[in-house]
Structures are given as structure tokens and as C-alpha cells.
Amino acid sequence: MPINRRDFLKTAGAGLGGLALVDSPIAQLEVQAKQVEANSQASMLYDATKCVGCRACQVACKSRSNLPPVTDPERIWERPLDLSADTWTLIKLYDGEEGTSFVKANCMHCVEPACASVCPVAALEKTEAGPVVYHAERCIGCRYCMAACPFGIPKAQWYSNAPKIQKCDFCADRLAGGERPACADACPTGAINFGSRQEMLDVAHSRVADTERYVGTVYGEHEAGGTDVLYIAGVNPHLLGLPELDERSLPSIDWPYMKAVPWVVGIVGAFLTATYFYTHRNEGKEVHDGH
Amino acid sequence: MAIKLGDIRLRRYKVGPGMIFIWIVGALGLAVAAWRWVVGLGPTTNLSDHRGWGIWISFDMMAGIGLAAGAFTLAAVVYIFNLKKFYPLVRPTILTGFISYILAALTLLADLGFPLRIWHLMIYGNIHSPLFEIGWCVMLYLGVLLLEFSPIVFEALHWKVPLKIIHGIEIPLMIAGITLSTLHQSTLGTMLTILPYRIHPLWYTPLLPVFYYISAIAAGLGMVVFESYNSARTYGYRFELKLLSSLTKAVPWLLGLYLVLKIGDLVVSGDYVYLLKGDLASVLYIIEIMGGVVVPMLMFADPKTRNTSNGIIWAAFYVMGGLIMNRINSALTFFHGALYLPAWSEIAVSVGLTCLGIIMFDAAVRFLPMFPEPTAEVSEK
């Protein structure tokens with residue numbers, strides 16, 4: 001590609017928004033400040049190499065949030081196959097050419113979450129502590145969050161006529177009370193670590209230095225602008241269902257356009273008004289002459 | 001008939017079997033929508049966690065609002081650019097726009113999980129959300145359209161004072177309407193820019209808002225042609241071919257600009273490689289551009305085609321089809337997610353609401369002085 005998408009986007013975005021200066025020094029300082037803030041947020045580090053697939057986290061999650069079981073067709077097994085409104089975290093297994101690894105699926109609690117950014121009624125909120133929480137009483141059920149999440153996390157209660165959006169809330173209530181998230185508390189092997197984002201990044205980097213055991217990347221450090229849930233594993237994270245994403249945060253893509261709204265109103269309004277007076281300049285005279 | 005209030009009276013146009021069919025389909029659609037409100041989206045649609053938006057969003061909302069762009073375009077042409085000769089087209093176009101936005105709002109009520117909370121947009125805000133902006137613009141624009149439409153009712157009632165008030169604020173009203181339309185027509189494109197991993201690269205571009213805006217104006221003008229043709233055929237009015245031909249002279253310029261930007265965007269971003277793949281996306285992209293942009297551009301540019309009823313109507317169909325295809329391709333067919341085909345109930349609501357729109361238009365023509373009537377008695381008070 002002669003010019004990559006990001007550069008083109010920046011140019012086009014700046015051109016379109018006119019005054020939306022995406023790359024100004026102030027904007028860069030803001031980004032740095034955000035990063036520092038983000039690293040003090042609550043964070044979970046999932047170490048797939050330590051996970052034995054006992055699903056204690058899944059059970060703890062369901063009991064803490066009072067979620068109904070998801071069963072097989074005979075209704076004998078509690079057997080969710082994917083995240084849903086009733087299953088906020090799930091242990092999955094990759095068993096393929098590059099080895100075998102469990103992986104825990106749940107909300108990534110992005111540093112700059114797309115879901116909260118697109119929600120027209122701010123029903124989803126990125127709290128200062130880190131968790132992305134849902135205010136059900138605000139939700140209008142537009143499902144823009146489901147479209148916007150690059151990880152496909154928010155799920156709807158499709159079989160209700162008051163369908164709430166459901167997803168992992170990082171046990172925000174427990175965190176506020178000084179407790180650990182239910183899943184991290186339940187984990188018997190230390191696969192789910194909990195602490196500040198900075199602490200978790202430090203632990204992750206010291207562990208992935210062992211290249212025998214780990215593939216070297218800390219998933220979530222930079223993806224989609226960084227997430228508060230981090231992954232390290234013995235196989236490539238993309239094989240574990242973690243999508244390949246670039247480093248830009250999603251809200252940073254459409255914010256220049258949204259920021260330009262007042263300018264568009266001003267410019268279009270002024271243009272129309274000026275045009276009106278220009279095209280009606282002779283009529284005005286006639287009216288005056290007539291009176 | 002007893003219904004008579006000023007000029008609001010039942011005009012006796014024939015009710016054909018087609019109209020009766022439309023009444024039935026419209027009623028069925030509303031019944032299915034009511035069923036969906038009772039039992040929820042799961043049992044009545046093919047939507048799922050991996051396919052949160054279906055045809056109600058891509059076809060009814062995105063294409064529907066796009067096709068309604070004729071109302072603000074004509075308002076600009078007549079009231080701002082002062083091309084008064086197009087005035088005869090204004091009223092039916094504003095009516096069409098008004099109805100289209102009512103339909104968009106109704107579709108949203110069918111699609112929203114909590115339709116009764118739609119007013120939450122007014123008390124909870126998020127300026128980062130394109131949908132918040134669209135919601136506000138559509139609400140305000142519905143109000144503007146109501147006011148733009150109201151003189152027809154006031155005239156029919158011979159209410160002079162409200163008529164005078166509306167006439168006094170006419171120009172600010174038109175400017176507000178055009179500005180609001182510029183915002184939400186383009187923001188429908190902005191809505192998709194935050195979904196880089198969902199939208200197919202052939203349709204995903206930072207210029208989406210610009211593309212949505214230009215194509216809406218072009219297809220909106222196509223809709224004006226279609227609506228005039230339909231009114232002429234159904235109610236026996238004169239088809240304003242000369243006016244429409246003159247008005248649509250602008251379409252080749254709009255589509256030309258659109259085409260140049262589209263091609264330029266593919267080349268600059270390097271996404272043209274996806275065209276060489278020969279998969280369904282590349283085929284449908286080429287059909288969309290050829291059939292929905294190039295063909296109508298050439299047809300509207302050719303005076304011989306534009307000046308015949310058949311030619312201009314087919315050209316209008318192509319440009320409208322191009323917009324519908326573009327919205328469905330970008331927001332549904334090549335929107336990354338689970339495989340999806342609309343459920344019969346989704347189609348029933350979609351078709352039913354479209355019929356409801358036709359019923360509303362028909363009712364307006366029957367009860368209000370929408371078109372100049374040679375036989376109408378002129379009663380002065």
C-alpha cells in the first residue's frame with residue numbers, strides 16, 4: 001500500500017473536520033496523560049499457561065451475578081458454548097497444531113472502550129477505577145455497543161421484551177468494597193492475577209521473558225488502545241479467539257468527526273444564510289420599491 | 001361525505017385494488033410489529049449476539065433516511081438558491097420527507113430493545129456517540145418538517161395567523177432543516193467509521209460521511225422523480241417532466257463527484273486489491289458502482305433520456321437502487337458477523353411500514369390540497 005490506512009485517515013479526518021487537529025502536541029500530551037491514568041486502573045492478567053480449565057471462575061461468576069445456567073439440549077449439563085447474556089466469562093480450549101491452551105473469554109475493559117463511546121444514552125460507562133459498567137435503567141436497546149465492540153463482548157437478552165445488554169462488569173461492586181473480582185478469587189492456580197494495570201504489565205513482561213513457556217506478547221497492552229484485561233499464553237493469542245487489532249483506540253477514529261459537529265453547523269448555517277441573501281438581493285429592493 | 005373543514009375534505013380519487021392490498025399489508029405489518037413488542041426480538045427476528053442489526057437498520061433506517069434527502073435538497077434549491085420554478089415540487093417532496101422520517105422513527109421503535117425509552121435520548125446524552133447526534137437531528141428535523149408541512153393544513157383551514165407566523169420563520173426553518181439534514185445524513189456514515197473491524201474494506205473509509213451525504217442528495221432527487229411519477233399516475237396529475245428534467249441536471253455532477261472520490265479513495269487507501277479478489281463482495285461492489293452510480297449518471301446526463309418520462313424514471317430507479325444497495329452492502333451484507341437472512345417477520349414489518357407510508361401519503365392527497373386542483377372551489381373568508 002502506498003499510504004497506509006491510518007495516515008490516510010488522519011489526513012482525511014483533519015481535512016474533513018477542518019479544525020479537528022488529530023496530531024497536535026496537545027493531543028499527544030493528552031494521550032500520554034491518559035496512559036498514566038490507565039496504568040493505575042484495576043487490571044486482570046490471565047496467564048493461560050497456569051490455567052487448568054477447572055472453570056471455578058465460571059461458577060464463581062455465575063453465582064456472584066446470579067446468572068441462570070446455560071445447558072445442553074437434554075438439560076443435563078451446564079454447558080455454555082459461548083459468551084451470552086447469561087454467561088459473562090467462559091473457559092475455552094484451543095487444541096491444534098501449535099499446542100494446547102485454555103483461554104478465558106470475558107470483557108476486556110478497554111482503556112478507551114468503543115461500547116461506551118458509541119452508546120447514545122451513556123448506559124455504558126468507563127469508570128475511573130477501570131471497570132466498564134452498564135446502567136440498565138438508561139439503556140434504550142439500540143445494540144450499537146454490540147456492533148462497536150471489537151471483541152464481540154456485549155450480549156443482549158434476546159428472549160426478553162425488556163432486553164438488557166449483559167457482560168462482565170469486572171465485579172465493580174466488589175472492587176469498590178476492596179475485594180478482588182469473583183473469578184480471580186476463585187482461581188486455584190493463580191492463572192487470574194489481579195492488581196493495577198502497571199503491576200499486571202510488570203508481571204506479564206517478567207513472565208513472557210521466559211520464551212520457552214510464553215510466546216512473548218502481552219495481549220491487551222496496546223490492542224485497540226490498550227485494555228485492562230491482559231493475556232499471556234504459550235500459543236499465539238489470535239489462535240485463542242483474541243482478534244488481531246491495531247493500536248489505535250476506536251473512539252479516537254470517530255471523535256474528530258463528532259468534534260466537528262458545531263463547526264459544520266456554523267459553516268453550513270452561515271453558507272446558507274449568505275447564499276440566501278445573495279440570491280434574494282434583488283427581490284429585497286423590489287419589495288422596498290413597492291412599499 | 002360529512003368530513004369537511006375548510007379545504008380539508010375527502011377528495012374522491014378511485015380506490016384501486018392495489019390500495020386495498022396496501023392497506024392489508026400495512027395492517028399485517030403493524031400486527032407483526034405488535035407481536036414483536038410483546039414477545040421480544042429473539043422469537044420474532046433472526047438477530048443474534050453475533051448479528052445485532054438486520055434489515056430494519058440497514059434498509060429501513062439507513063436507506064430510508066437517505067432516500068428522504070430530497071426534502072432538504074429541494075428546500076435548499078427553492079428557498080435558499082431561489083430557483084422558484086421548482087416550487088410545484090416542494091409540497092409533495094416535503095410530505096414524502098415527513099412520512100419517511102415518521103417511518104424511520106417507527107422502524108426504530110420496532111428495532112429498539114426498549115422502545116418506550118426512546119425519549120432517554122433527550123435526558124441522557126453522550127456527545128461522543130454518532131447515534132446520539134442522529135437521534136437529536138432526526139427528532140428536531142421531524143419537528144422542522146412538521147412546521148414546513150403545516151402551511152398546507154393551515155391554508156386548507158383558512159387559518160391566517162398561524163400561516164403568517166410560519167411564513168415569517170420560513171427561511172430560518174429551511175436553514176435549520178438543511179443544516180440538521182447535512183449533519184445526520186453524513187453522521188449515518190460516521191456511525192460506521194468506528195467499526196473498522198466490522199465493515200468490509202471496500203466500503204470502510206474515513207470518507208464514509210461524505211459518501212453517505214452525497215449519495216443521499218443524488219438518490220433523494222431520484223426519489224422526487226419517482227414520487228412525482230407515482231402521484232401523476234395514481235391521482236391523474238400532470239407529470240412535471242420539464243421541471244424534473246431541469247432539476248435532475250444536477251445529478252450527474254453529484255454522482256460524478258461521488259465516483260471520483262470513491263475511486264480516489266480505493267486507490268489511495270490501497271483497498272482496490274479487494275476488487276481483484278473476484279469474491280461476492282467485489283462483484284456486488286462493482287454492480288453497486290456501475291448500476292447505482294455510473295448508469296444513472298450517464299442517463300441523467302443525456303438530455304434525450306432525461307427528457308422522456310420513461311428515461312427519467314428508470315434513471316431515478318437506478319440511483320435509488322444504488323443508494324439502497326450501498327447501505328445494505330455496507331451495513332449488512334458485508335458487515336462482519338453471523339450469517340443472517342431476515343426472518344419473514346422482519347420483512348413483514350419492513351414492507352408493512354413502507355405500505356403505511358404509502359397510506360399516509362394517500363391520505364394526505366385525499367384530505368389536503370396537496371396538488372393544484374383545477375376544480376377546487378376557492379372559498380375566501
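Q: At which residue does H9(B) bend by about 30 degrees?
A: You're looking at a predicted model, where local features need pLDDT of at least 70, side-chain atom pairs count only at pLDDT 80 or more, and totals for chains, interfaces and linings use all residues. Residues are numbered from 1 along each chain as its sequence is written, while chains are lettered from A and ligands numbered from 1 in the order in which they are written. A bend at a residue is the angle between axes fitted to the seven residues ending there and the seven starting there. For H9(B), the bend of about 30 degrees sits at B:Thr187.

Q: How far apart are the end C-alpha atoms of helix H9 of chain B?
A: Helices (H or I, at least four residues) and strands (E, at least two) are DSSP runs, numbered from the N terminus. A helix's expected span is 1.5 Å times one less than its number of residues. H9(B) has 24 residues (170-193), so it should span 34 Å, and that agrees with the distance between its end C-alpha atoms, 35 Å.

Q: How many of the 24 residues of H9(B) are buried?
A: Buried means that 20 or more other C-beta atoms lie within 10 Å of the residue's own; exposed means 12 or fewer, partly exposed is in between, and C-beta atoms are placed from the backbone. By that count H9(B) is mostly covered, and its buried residues number 20.

Q: Which element gives the most to the side of chain B that touches chain A?
A: Two residues are in contact if their C-beta atoms, placed from the backbone, lie within 7 Å. That puts 53 residues of chain B in contact with 57 residues of chain A. Several helices of chain B give two or more residues to this side, including H1 (17-39), H7 (130-157) and H10 (208-235). The top contributor, with eight residues, is H9(B).

Q: How many residues on the side of chain B that touches chain A are nonpolar?
A: Nonpolar here covers Ala, Val, Leu, Ile, Met, Phe, Trp, Tyr, Cys and Pro; Asp, Glu, Lys and Arg are charged, and the others, Gly among them, are polar. This side of chain B has four charged residues and 19 polar ones, and the nonpolar count is 30.

Q: Is B:Cys137 buried or exposed?
A: B:Cys137 belongs to helix H7 of chain B. Beyond four places in sequence, B:Cys137 touches B:Leu180, B:Leu183 and B:His184. With 22 other C-beta atoms within 10 Å, B:Cys137 is buried.

Q: How many residues of H10(B) are buried?
A: H10(B) reaches 39 Å from its first C-alpha to its last, close to the 40 Å expected for its 28 residues. Just after H10(B), B:Gly236 takes a positive phi of about 70 degrees. The helix is largely enclosed by the rest of the structure, because its buried residues come to 21.

Q: Which residue in S3(A) is the bridge partner of A:Asp95?
A: Two strands pair if DSSP finds at least two bridges between them. Strands S2 (residues 90-96) and S3 (residues 99-105) of chain A have seven, in the antiparallel sense. A hairpin joins S2(A) to S3(A) through two residues. Across the pair, A:Asp95 meets A:Thr100.

Q: Is A:Pro251 buried or exposed?
A: A:Pro251 lies in helix H9 (residues 251-259) of chain A. Beyond four places in sequence, its contacts come from both chains, with A:Glu112, A:Ala114, A:Ser117, B:His128 and B:Ile194. Since A:Pro251 has 23 C-beta neighbours inside 10 Å, it counts as buried.

Q: Is A:Asn66 buried or exposed?
A: A:Asn66 is in the loop between helix H3 (56-65) and S2 of chain A. Although A:Asn66 isn't a glycine, its phi is positive, about 60 degrees. With 6 other C-beta atoms within 10 Å, A:Asn66 is exposed.

Q: Which element of chain A has the lowest mean pLDDT?
A: pLDDT is the predictor's confidence in each residue, from 0 to 100. Chain A has a mean of 89, and 86% of its residues reach 70 or more. Over residues 5-22 of chain A, though, pLDDT stays under 50. Strand S9 (residues 229-232) of chain A has the highest mean, 98, while the lowest, 45, belongs to helix H1 (residues 5-17) of chain A.
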